[in-house]
Amino acid sequence: MIIKRSIKEDGNILPEAYNLLHSLPEESLNYLEHDELHPVDIYNSSLERIIMAFLSLKKNLNEFKSLKENPTKLQVYSVLEPQKELLHATQAHMDDCYRILKITSPFQDMGKLNREKKKKAERSILYWLNTFKHPSYSFFEEKTKNFRTSGRIVNKIKHHHARLRLFSMEGLEKSLGYYVEGKIIEGNNIKICPDTKIHPEFTAFSFSRDMAWNFFTIYIISHYLSKSLTKSLKNYYGVEIKPESNKGSYLSELKEISNFIEKNNLNYFPDEYKTIPLISYDDSILTMTLDSNYVYKNDINFKTIFLYQTKYAHVFHIIRPYIHYMQKRYDIQDFKEIPPKELKNI
């Protein structure tokens, strides 16, 4: 699928749902009954958090790449914290999209539910949508399932004490990224490694692809939110919604983010070339698509890997990202050990 947002046609380069939410019919605005904000305010606030996270990450990545000396712990965290915020903001955005589906629906009498179901419906928007048979909930769930990837990482961070760790792979150029730290327990020994659920082959995520993927994700989810709202409004109220051009906001910020992503495109890690999110901004048109036909050729003989790893007092071994991955695919007998980059004290 190709996604295009045009200033001339759309008035802005914000995601598709932005214009649609500004064109909602009066009968669908049940947000006060649902004890919520207006759908436009929910969506705008959600997008603002994501955009600010992108800009913060971009700024700190540029500063980190310009360092002449080994980084301090604070400089490492200055990159990882906005990355973590971006993941949380993206996951929260999904929740906000479900919330918008709910509050554009007719208000339901919760008194018809038994005590247990009422409690669940009050706590969970997904349970509410399912219980009251929202006409496009299943459609939205199905169409977005492959793009809700941030949720797995956020759940690891929130519920399993997972941490993000900085990582770089250097060949002809330097590719900087991160991985979600996990552990393997064997008897009395603990091995630290890339989380086996997130990185099954002990790999990592490059910032170049991760930023492109998350940026594309926001727009594709917005497309299906628009489709879902169009369907539910027709079902509930018998109205055909026609989004109007809207001047919008964040033009300079979205241009800055998309230009940064395009500039750093394809500076990926070896396993990330299966599906390429291509982002470009040119002549007031933002264009994005997924390319699944890219042929990757890699000279694996010249790669240097750096870990920016926190030290543990009671860890038996640290499994480095991509070592097992490369051994499995290439005729590599051994890896040259170099002294690790030590983090300077804050």
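1. In this predicted model, β3 and β4 make up a hairpin in which two residues separate the strands, and G187, which sits in the turn, has a positive phi of about 65°. The two strands run antiparallel and are joined by six bridges, with E186 having N189 of β4 as its bridge partner.

2. Strand β4, residues 189–194, also pairs with β9, residues 317–318, and here the strands run parallel and two bridges join them. Within this pairing, K191 is the residue that stands opposite H317 of β9.

3. Turning to the helix α8 (150–159), the residues S150, G151, I153, V154, K156 and I157 are buried. After α8 comes H161, whose phi is positive and near 60°.

4. The second largest pocket holds about 640 Å³ of space, and its lining consists of 25 residues, among which R152, I198, F205, R209 and D271 lie nearest the centre. Two or more lining residues come from each of α8 (150–159), α9 (207–237) and α11 (323–329), and α9 gives the most, with four residues.

Notes. Residues are numbered from 1 along each chain as its sequence is written. This is a predicted model: local features need pLDDT of at least 70, side-chain atom pairs count only at pLDDT 80 or more; totals for chains, interfaces and linings use all residues. Side-chain values use heavy atoms; hydrogens and water are left out. On a 1 Å grid over the protein atoms alone, a cavity is a set of points where a 1.4 Å probe fits but cannot get out, and a pocket is an open set with protein on both sides within 12 Å along at least five of seven lines; lining residues have an atom within 4 Å of a point. Grid points are joined across faces, edges and corners, and a volume is the space filled by probe spheres set on the points. Buried means under 20% relative accessible area, exposed over 50%, partly exposed in between (1.4 Å probe, protein chains only). Two strands pair if DSSP finds at least two bridges between them.
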